[in-house]
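Have the viewer open and follow along.

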Amino acid sequence: MTVLDGILAGIEVAFSFQGILFVFIGVLLGTIIGMLPGLGPITAIGVMIPVSYGMDPNLALVMMAGIYYGAMFGGSTASILLNAPGVAGTVAAAFDGYPMALQGKAGKALAISAICSFIGGTISVVLLMLFAPLMAKVAIAFGPTEYFALMLFALTAITSLSDGSVIKALIAGTLGFMTAMIGIDSQTGTTRFTFGIPSLLSGIDFLIIALGLYALSEAFQLIVTKVDHKNNPIKNIGTISLTKEELKEISGPAVRQSFLGFIIGVLPGAGATIASFIAYITEKKLSKNPETFGKGALKGLAAPETANNAATTGAFVPLLSLGIPGSGTTAVLLGALLVMGVQPGPLLVNENPALFWGIIISMYIGNIFLLIINLPLIPYFVKILKIPRPMLISLVAVFSLIGVYGISFNTFDLLLLLFFGIVGYFLRKLHFPAAPFILAFILGGMIERTLRQSLTISNGDYGIFLDRPISLLFLCLAALSLFLPVIIRVIKKIR
């Protein structure tokens, strides 16, 4: 069967009445779930697996895929309006989205989020159709050595996430890395930083860190400052329409980060979270006014919102072409595929073209649905900001507690959430950036694992990182990102 025949088979699935209906159900559920801290697409897809028994696999997987990228689309709403990221991939959206809401531009922020998510999703779908086989080969070229170098580069770039002291950014990153080490070492079986507490043996969940450092710390900040909700600057939601200048400003990041996000999404293990952080860092490096990032910069919101949706689509390349999940969500999707008797891999395109191309084409329909659903609802979303401040603080705290408890049903996790809320509050007071902490926590486990795998392959020879061209390139970029600011500062002093 030719590629054209496969695409036609996919169109038949995606554009059928049932196909369109299940795409709509999937993206609507995903949007709602993305707004609620604690649930996330993994939970939703896991619940849908037993529900999908007896369904046509094509339609079931189209719906589950819709839940996945719909959650990315909807997760930004909580990040922008409440500074409470409900999905890991939308943490970076809060860096400039929430300051925009504070400036009375919540409507514009949500509009930028919806438009850039649509652009990132659409471009990545086209790239997926054109380059899926080629990108699968690129993904295979990345071994543990290349992944370690890539993650190290991302870690050294955390200095870009600091508006002030580079030293404070590095300290925050170190604390995040140490937090990621808590639990049982998977290779040696030894316990690390658990202090004899059994609940810490399995480590700390990402949601606890994200909601503690952002949502709960924000609630503490509001309680301590005792802001009167009548004089609350966030109640002015502004307009959702964008001027020509604003559209022009976000167009560059939207196009650039669509490609970057897709490429990062293709790499197994990278995912939307890393793509959004790298997109943010990249745009800040390219910007002529990097000091505006973190203070409501349009590009600072457009970049991660584009990249996380593009990466979500890109994650289907290793899943469908190689049978390798690129994230926790795609791992659950892989399980759903196997339960339904579908074996992903290089032969899937020829053996089941209706499924392969049906999922890809349904993504384009889904992105159109998401735009149609989200843009008209923006005026209703921003009504959240008109809730009196005391009640809003209570709602943020309650949803954070429910979200964390709903994952493990462990009361100790609630104490951890409170602890990281206090940590986040003091990080704000002492002007330490929380973003490096989050990024280091996300990358910490992967860096350690890939370093050990690389040294196992080379029998302990560190030269393996210099022998591989891709690894060497990322190591050079890491050194450059770490020392270039220092070199530039020295040159300026000399001048």
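Start with helix H11: at 1.5 Å a residue its 16 residues should span 22 Å, and its end C-alpha atoms are 23 Å apart, which agrees. The expected span used here is 1.5 Å times one less than the number of residues in the helix. Helices (H or I, at least four residues) and strands (E, at least two) are DSSP runs, numbered from the N terminus. H11 is mostly covered, with 13 of its 16 residues buried; buried means under 20% relative accessible area, exposed means over 50%, and partly exposed lies in between (1.4 Å probe, protein chains only).

A word on the ground rules. This is a predicted model, in which local features need pLDDT of at least 70 and side-chain atom pairs count only at pLDDT 80 or more, while totals for chains, interfaces and linings use all residues. Residues are numbered from 1 along each chain as its sequence is written, and side-chain values use heavy atoms, with hydrogens and water left out.

Now for the overall picture. The secondary structure of the protein chain comes to 21 helices and two strands. Of its 495 residues, 54% count as buried. Contact here means heavy atoms within 4.5 Å. Among contacts between residues at least 6 apart in sequence, 79% join residues at least 24 apart.

Where do these helices come together? The largest nonpolar core has 64 residues, and Ile438 and Leu443 touch the most other members. A nonpolar core is a set of buried Ala, Val, Leu, Ile, Met, Phe, Trp, Tyr and Cys residues joined through side-chain atoms within 4.5 Å. The elements giving two or more residues to this core include H7, H11, helix H9 (206-225) and helix H12 (298-314), along with helix H17 (389-408), helix H18 (411-429), helix H19 (434-457) and helix H20 (464-467). H19 gives the largest share, 12 residues. Leaving out residues up to four places away in sequence, Ile438 touches Val91, Phe206, Ile209, Ala210, Leu213, Tyr214 and Phe277. There is also a second, separate core of 50 residues, and Ile7, Ala60, Leu320 and Leu348 are among its members.

H7 deserves a visit of its own. This helix covers residues 144-156, and its 13 residues reach 18 Å from first C-alpha to last, close to the 18 Å expected. H7 is largely enclosed by the rest of the structure, because 10 of its 13 residues are buried. Among the buried ones are Thr145, Glu146, Tyr147 and Phe148.

Two of those residues lead us to Arg468, which sits in the loop between H20 and helix H21 (469-494). Arg468 touches Thr145 and Glu146, not counting residues up to four places away in sequence. Arg468 and Glu146 are 322 residues apart in sequence and 7.8 Å apart in space, C-alpha to C-alpha. With a relative accessible area of 32%, Arg468 is partly exposed.

For a fully covered residue, turn to Ser258 in helix H10 (residues 244-266), which is buried with a relative accessible area of 0%. The structure holds three cavities of 30 Å³ or more. On a 1 Å grid over the protein atoms alone, a cavity is a set of points where a 1.4 Å probe fits but cannot get out, and lining residues have an atom within 4 Å of a point. Grid points are joined across faces, edges and corners, and a volume is the space filled by probe spheres set on the points. About 60 Å³ of space lies in the second largest cavity. What lines the second largest cavity? Its lining consists of Phe73, Thr77, Leu110, Ser113, Ala114, Asn374, Ile378 and Phe381. Helix H4 (57-82), helix H6 (106-141) and helix H16 (353-381) each supply at least two residues of that lining. By class, the lining has five nonpolar, three polar and no charged residues. In this scheme Ala, Val, Leu, Ile, Met, Phe, Trp, Tyr, Cys and Pro count as nonpolar, Asp, Glu, Lys and Arg as charged, and the others, Gly among them, as polar.

H16 also holds Ile368, which counts as partly exposed at 31% relative accessibility.

Finally, look at two loop residues with backbone angles worth checking in your viewer. His431, in the loop between H18 and H19, has a positive phi of about 65° although it is not a glycine. Asn459, in the loop between H19 and H20, has a positive phi of about 60° and is not a glycine either. His431 is exposed, with a relative accessible area of 63%, and Asn459 counts as exposed at 75%.

Conventions: 1 Å grid on protein atoms, 1.4 Å probe; cavity = no way out; pocket = protein on both sides within 12 Å on 5 of 7 lines; lining within 4 Å.
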